[in-house]
Structure formats: structure tokens, C-alpha cells
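Reader: I have a model open and want to know what the labels rest on. Please walk me through the sheet.

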Amino acid sequence: MLMLDARTLAAQLRQPHGEAALAVGESMNRSNGALNQAAIALLAVAPGEQVLEIGPGNAAFAPLLLQASGSRYVGVELSSAMVNAGNQHLAASGLAGRATLREGDAHALPLADACVDAALAVNTLYFWPNLAPVLDELARVLHRGGRLCLAFGDAGFMRSLPFAADFELHELDAVELALRVSGFSVTAWRSHRECTAGNDGQQREKHFHLLLARRR
């Protein structure tokens, strides 16, 4: 990852592609591991639920989302390389019957209305210039009472990252407002801080927000 300049790294984080794709996926898993675990714990998937993950990369954390008996998983991912790697990972983990990755865009989810019980998006908001279309799509596929967990970097922290210069940085209050406008009620907020290496290999004090919302 240290061999990629900031702009190239940013493009790879949005949509891993080419020869670097698999290495980028593994780097994201390492960098985002603790945050993903915190978000999955907050989402608290129940037995029998259908779970949607937006931007799952190679689906490294899908097994954690499938610990509840009878739960099912679908990931929607822009990168065809990650879809292929993720489906291979799910098959190797014995989860192919309960989980799948599909290539697609969060702005037009390839899912039916009200078919999802719980949804998760970790470090994806930076690639949504306008939150409303994606949150409206998530509201469409979640049934009433369904849960959505968003995990994203604090805007002040994200501005310190050279590779995030072209990211769309959303303030916490703006995300909360956008959720309400799209038909969600915010039910919980968590602050997540850690000191680990980022996707550029540099050690940093990181600050993230986790929001749990319920579809009204």
C-alpha cells in the first residue's frame, strides 16, 4: 500500500481494481477490522434475519454477521474483483448457501422492496457525494422497523489523511439529519477511537462514528 500515491490509493479504496485489487482488499480488512467488529456488534443480527452489507470488499467480515442461526447475507460491491474474491471466500468458509456478493451500486440496489432486516455500511459514506439517494435506497429495501448501521470517520480526523482529499466528508449532525429525512430514526451513537496503521501504512489516532438507525 505504501507504493501507491494518495490519489491512486483513494481510487483503489473506492473500487479495488487491477493488479492491486486483492492487496487493497486485505489492507482494508486489516485497517478496518476493529471498526467492523464494533459496527457488527451494534447491529446485533438476530436469528433468521436477512442482512445487507454495502461495500463489503472481499466479504471478510460476513462470517461475523452470520453467527445468528438462520441468518442470511448479501453484499453489494462496486468492484468485480472483490465480488469474485468474496464469493470464493464465502464458499471456502462453507457459507455459500447463506451468503452471496453481487456487483452493484448503492445508488440502485439490486434488491426488492422491504426484503432486508438489517443493513451495514462501514467506511463507504465518503463515496456518496449526496447522502439522500443512497439512504432512500436503503429505506426502500429495509422493511419498517429494519435497522441500519453506518460507520464512518469523523470529518476532522479524515481531513488529516492525504488520500482522503477527494473524499466527500460528512459531519455527524449532517448524517443524522439525512437519516431522518430519508425515513429513519437514530436510536444509538457510538464513538470509536483506536491507534493503528491506516490503509497507507501510517500509524494514526483514528476517530470514527457509529450510528444505528431504525426504518420508520
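Author: Two strands pair if DSSP finds at least two bridges between them. Strands themselves are DSSP runs (E, at least two residues; helices are H or I, at least four), numbered from the N terminus. This is a predicted model, where local features need pLDDT of at least 70. Residues are numbered from 1 along each chain.

Reader: What makes S1 and S2 (residues 72–77) a pair?

Author: DSSP needs at least two bridges, and 5 join S1 to S2, so they pair. They run parallel. The bridge partner of Gln 50 is Arg 72 in S2.

Reader: How do you know which strands S4 joins?

Author: Count bridges again. 4 join S1 (residues 50–54) to S4, in parallel. Glu 53 stands opposite Leu 120 in S4. Another 6 join S4 to S5 (residues 142–153), also parallel. Here Ala 119 has Leu 148 in S5 as its bridge partner.

Reader: Why is S4 (residues 116–122) called mostly covered?

Author: Buried means under 20% relative accessible area, with exposed over 50% and partly exposed in between (1.4 Å probe, protein chains only). In S4, 7 of 7 residues are buried, so the strand is mostly covered.

Reader: What is the strand order in the open sheet?

Author: The 7 strands run S3-S2-S1-S4-S5-S7-S6, with mixed pairing.

Reader: Why do S3 (99–103) and S6 (184–197) count as edges?

Author: Each has a single partner strand, so one side of each is left without a neighbour in the sheet.

Note on methods:
Predicted model: local features only at pLDDT ≥ 70, side-chain atom pairs only at ≥ 80, totals over all residues. Heavy atoms only, no water.
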